[in-house]
Amino acid sequence: MHGSETQLFRRAHDRASVEKLALRYRTWDRWGLGDQLGAGNRITPERIAAAARSVRRGAVFSMALELDRTGPMRGGGPRVNPQHVMLRTPHDPIPGRDDNGLQRAADDAVYMPLQCSTQWDAFCHIFYDGVTYGGRGFDSVTTLDGARYNSITSLGERGLGRGVLLDMARHRGKDHLVPGEAIQSEDLAACAERQQVDVREGDIVLVRTGHLEYRRQTGDWGDYAGGPAPGLGVGAAEFLCERGVAAVASDTWGLEAMPFETPDLMSPLHIVLLVNAGIYIGEMWDVAELAADCAADGVYEFFLVAQPLMITGSTGSPLNPLAIK
């Protein structure tokens, strides 16, 4: 699969074709004037309850990378790995306490960009032609307040429900897909059919490429963050939008196949999904253990709990997504 563009399942797109898709799947104000939840509205109480009833074994799989200095961010931009510092250790007496040092405490802090590890993108993470989801302009995100509209906190209590894993690496008979390898709508459909799992309205779809596992095995993150990668092609929007999913997440840094299929446009799928369709995007989810379990028992659906941190005005959020089977 290191050969031609055809072998990499890539297709030619441009700004015009992406804009056409974006308009076709736009959901602005579908759930009310000024709505900021987008496809999260599809995660209804009834669907949450049904997803919870699917739990049989109580097996829990965390898909979060560890938040420390060994993460995939290698500098060169605003995103760096988390920096954890101790504010106080048990070696330090507690000021103002006159108990002969019998009680000690430990406190710590962390500095981290909110999108430097396993995370959700908010709608306001991406603007296109001057606007983000719902037609909000640049003034909806400010230096002082952050996101006044479309913050990831809008997802809040809706960040859970039925999760479905589409293991594209196993579907294609590989340990991992190669950089630039694209996953199109019919590929996702074929994978779902082979796994005998339906993708339904309100689902959170996880796509495994094996790229994160490959990088971990090499012992060096290399250009994982921002470099060439397998991922979803522009055509994947048809599968996701027509089935009415709430969110899609993957094990790559940017969800999309890189280099992009659009030579004249960056992050084309982000434009379709975040800016127009209101479908949330998750990145750097470590789905390896979950995927192995799904392959073993043949069950590719589960109860997924993936709520963002409620950081006011945030344009993304780290999280510890849990799949429960």
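In the predicted model, strand S15 (residues 301-305) is joined to strand S17 (residues 322-324) by three bridges, and the two strands run antiparallel. Within this pairing, Val 305 stands opposite Leu 322 of S17. Strand S15 also pairs with strand S9 (residues 160-167), again in antiparallel fashion, through five bridges. Here Val 305 of S15 is found opposite Leu 160.

The largest nonpolar core comprises 75 residues, of which Trp 120, Leu 166, Leu 206, Leu 232, Val 248, Leu 273 and Trp 285 touch the most other members. Helix H7 (residues 268-277) supplies the largest share of this core, namely seven residues. A second, separate core consists of eight residues, among them Met 73, Met 112, Leu 212 and Tyr 224. In soluble globular proteins, nonpolar side chains tend to be buried together.

The surroundings of Val 248 illustrate the packing of the 75-residue core. When neighbours within four places in sequence are set aside, Val 248 is in contact with Trp 120, Val 205, Val 207, Leu 232, Leu 240, Leu 255, Leu 273, Ile 279, Tyr 280, Ile 281 and Gly 282. Helix H7 is largely enclosed by the rest of the structure, because ten of its ten residues are buried.

Six aromatic pairs were identified. Trp 120 and Tyr 280 form an edge-to-face pair, with a centre-to-centre distance of 6.5 Å and an angle of 65° between the planes. Trp 120 belongs to strand S4 (residues 119-121) and Tyr 280 to strand S14 (residues 280-283), so this pair ties together parts that are 160 residues apart in sequence. Trp 120 counts as buried because its relative accessibility is 0%, and Tyr 280 counts as buried at 2%. A further pair, formed by Phe 123 and Tyr 133, is tilted, with centres 4.7 Å apart and planes at 45°. Phe 123 lies in the loop between S4 and strand S5 (131-132), whereas Tyr 133 lies in the loop between S5 and strand S6 (136-137), ten residues away. Both Phe 123 and Tyr 133 are buried. Ring pairs connect Trp 120, Phe 123, Tyr 133, Tyr 280 and Trp 285 into a cluster.

The charged end of Arg 172 sits over the ring of Phe 9, at 3.7 Å from the ring centre. The charged end of Arg 30 sits over the ring of Trp 31, at 5.8 Å from the ring centre.

Zero disulfides were found in a search of the whole structure. The closest cysteine sulfur to that of Cys 191 belongs to Cys 294 and is 11 Å away, which is too far for a bond. Cys 294 likewise takes part in no disulfide, and its nearest cysteine sulfur is that of Cys 191. Cys 191 is buried, with a relative accessible area of 1%, and Cys 294 is buried, with a relative accessible area of 0%.

Note on methods. Residues are numbered from 1 along each chain as its sequence is written. This is a predicted model: local features need pLDDT of at least 70, side-chain atom pairs count only at pLDDT 80 or more; totals for chains, interfaces and linings use all residues. Side-chain values use heavy atoms; hydrogens and water are left out. A nonpolar core is a set of buried Ala, Val, Leu, Ile, Met, Phe, Trp, Tyr and Cys residues joined through side-chain atoms within 4.5 Å. Buried means under 20% relative accessible area, exposed over 50%, partly exposed in between (1.4 Å probe, protein chains only). Helices (H or I, at least four residues) and strands (E, at least two) are DSSP runs, numbered from the N terminus. Contact means heavy atoms within 4.5 Å. Rings of Phe, Tyr and Trp (its six-membered ring) pair if their centres lie within 6.5 Å; planes under 30 degrees apart count as stacked, over 60 as edge-to-face and the rest as tilted. A charge sits over a ring if NZ of Lys or CZ of Arg is within 6 Å of the ring centre and within 35 degrees of the ring normal. A disulfide is a pair of cysteine sulfur atoms within 2.5 Å. Two strands pair if DSSP finds at least two bridges between them.
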